[in-house]
Amino acid sequence: MTLGKASQQLDLLDPVSRFCAESLPANSIYAFLHEHRDRLFPDSMFTDLFARVGRRSVPPSVVAAVMVLQRLEGLSDREAVDRFAFDVRWRYAAGVGGWDGAARAGFAHTVLVDMRERLRRSGRPDRIFEVALAAAGQAGLVGRRRVLDSTPLYDAVATMDTITLIRSAVRGLLTAAGRVLAGELRAVLSSGDDYTATGKPVVDWDDKSAREALIDSRARDGYALLAALDGREDLPEPVTQAMTLLATVLGQDLETGDDGLLRIARKVAKDRVISTVDPQARHGHKTSHRGFDGYKGHLALDPDSEIITATRVTAGNTGDAQPAADLITDLTDPPAAESTPAGEVAGDAAVYGDAAYGAGDVLQRLHEAGIDIKTKVQPPNSPAGGFTKDRFVIDLGAGTVTCPDQVTIGIRRVNEHPRHAGQADFGAACTDCPLRAQCTTSKTGRHITISHWETHLTTARTRQQDPAWKADYRATRPKVERKIAHLMRRRHGGRRARMRGLPRVAADFTLLAAATNLARLATVGLTHNQDQGGWAIA
């Protein structure tokens, strides 16, 4: 398929264009796309996605406008093309006008599917987000302050229980194996299950023995399949992937009892696969009392203009601090960071975040980049309500820790630990200590752990007690919550992911951020004037 190009010769007397031009507010997203669509994402921006010869595609600039409006309104592909066909505002935004003459009446919903896949496989999958951000930057709307936060994205599949996971993984392996290899594999199955039906086997689910026998038999089928394929060379990639998934499912939920039966383990695996349909989705917790299944969408926001500057999507069980570095590369990467000595603030650069971003490695990265640290840090905890860690005097220079009873202990080095650099063990000194009841109930005495980033953590805890710091944080940090509310106001395609798999969910979340940015640019009156240097606020 070759690149299609939108017509630049619009009928000035077209009733749809005339009606919308007179009726729509100047700062609406429809009027903004009508005016600037060809400048933001012209057809030529998508040349690399198409062949040089073939049937003409729907003009990419038209498809991009539909994709933006689709994400803003939380519509399915079929609903979006239906809206394009019959809503005059959408036709005005896409620049196709009314239904008379040669104007495009509509297109198949698969065009949207195809465009997303072409973008995903390209070298610039997020180009719509990039051009919107570049326009905002040229207009001076992107400063050097960032607010970080995350939000749950519920997966688009059903969470499976253990028996459904095992049967689905076995069925997936038999399907991937093909007819000849699948025939060999079925010969090793002993449960009598043909694994063709997606529903659960019929058993008396109130009978504990029947449930255990069912799980044991299907698990042994799975292990038999893996044993039959073990050591085989030149297996097709789909078969290898299906084997890996089956091995993961079997290993995460089962344990062998004293009687030799395979049973469901009374635990939840740390990185548990929750669905064979979307193996990258995970159990997640936004708070200790609020869980979800799926992914996390992370974003960085300019608090002054409310423009989203970066997005990332991770599995639901990923901590907020892990993708933080990727969200602020525009602040930390050269050339901005090269000219700023470590510890000195680079102009007005600042990063705000709740305590989830107050990890030591994040603090160190911000400090080295010369960025003002506005992220909260968790206060030190205390065992059983006793003395907290800040009641101990930690002298890293001397390598000692002094307790509230003025006992000084040397710091013992801890090797090859990702977070701990050392530990002070008070041990016998706690035995006859008059403050023991206020400090520890441990038989081995109080232990103080020293982090690799102890200095940064201590400095941050001191800094966040400053009234000016608190006032700035309270005035700035909540702005990201409102932006997340804008992103999540539609359940379909907002809070609930429309796609399956991390790469596709991430691309869709970035497109949602791009659409939200474009709506924001329309609201603030972004316009383009070639004589005055390009994009600017009217």
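Tutor: Start with Thr 402, which stands opposite Thr 408 in β11. The pairing behind that is between β10 (residues 400–402) and β11, antiparallel over three bridges; two strands count as paired if DSSP finds at least two bridges between them. Strands here are DSSP runs of E with at least two residues, helices are runs of H or I with at least four, and both are numbered from the N terminus. Strands of a sheet pair through backbone hydrogen bonds, either parallel or antiparallel.

Step back a bit and you get an open sheet of three strands, in the order β9-β10-β11, with antiparallel pairing. Its edge strands are β9 (393–395) and β11 (408–410), each pairing on one side only. From one strand to the next the twist averages 20 degrees, with axes fitted to C-alpha atoms and angles running from 0 to 180 degrees between N-to-C directions.

A word on what you're looking at: it's a predicted model, with local features needing pLDDT of at least 70 and side-chain atom pairs counting only at pLDDT 80 or more, while totals for chains, interfaces and linings use all residues. Residues are numbered from 1 along each chain as its sequence is written, and side-chain values use heavy atoms, leaving out hydrogens and water.

Now the whole chain: it has 18 helices and 16 strands, and its C-alpha atoms fill a box of roughly 95 × 70 × 45 Å along the principal axes. Of its 538 residues, 47% count as buried, meaning under 20% relative accessible area with a 1.4 Å probe, protein chains only.

Notes:
Buried means under 20% relative accessible area, exposed over 50%, partly exposed in between (1.4 Å probe, protein chains only).
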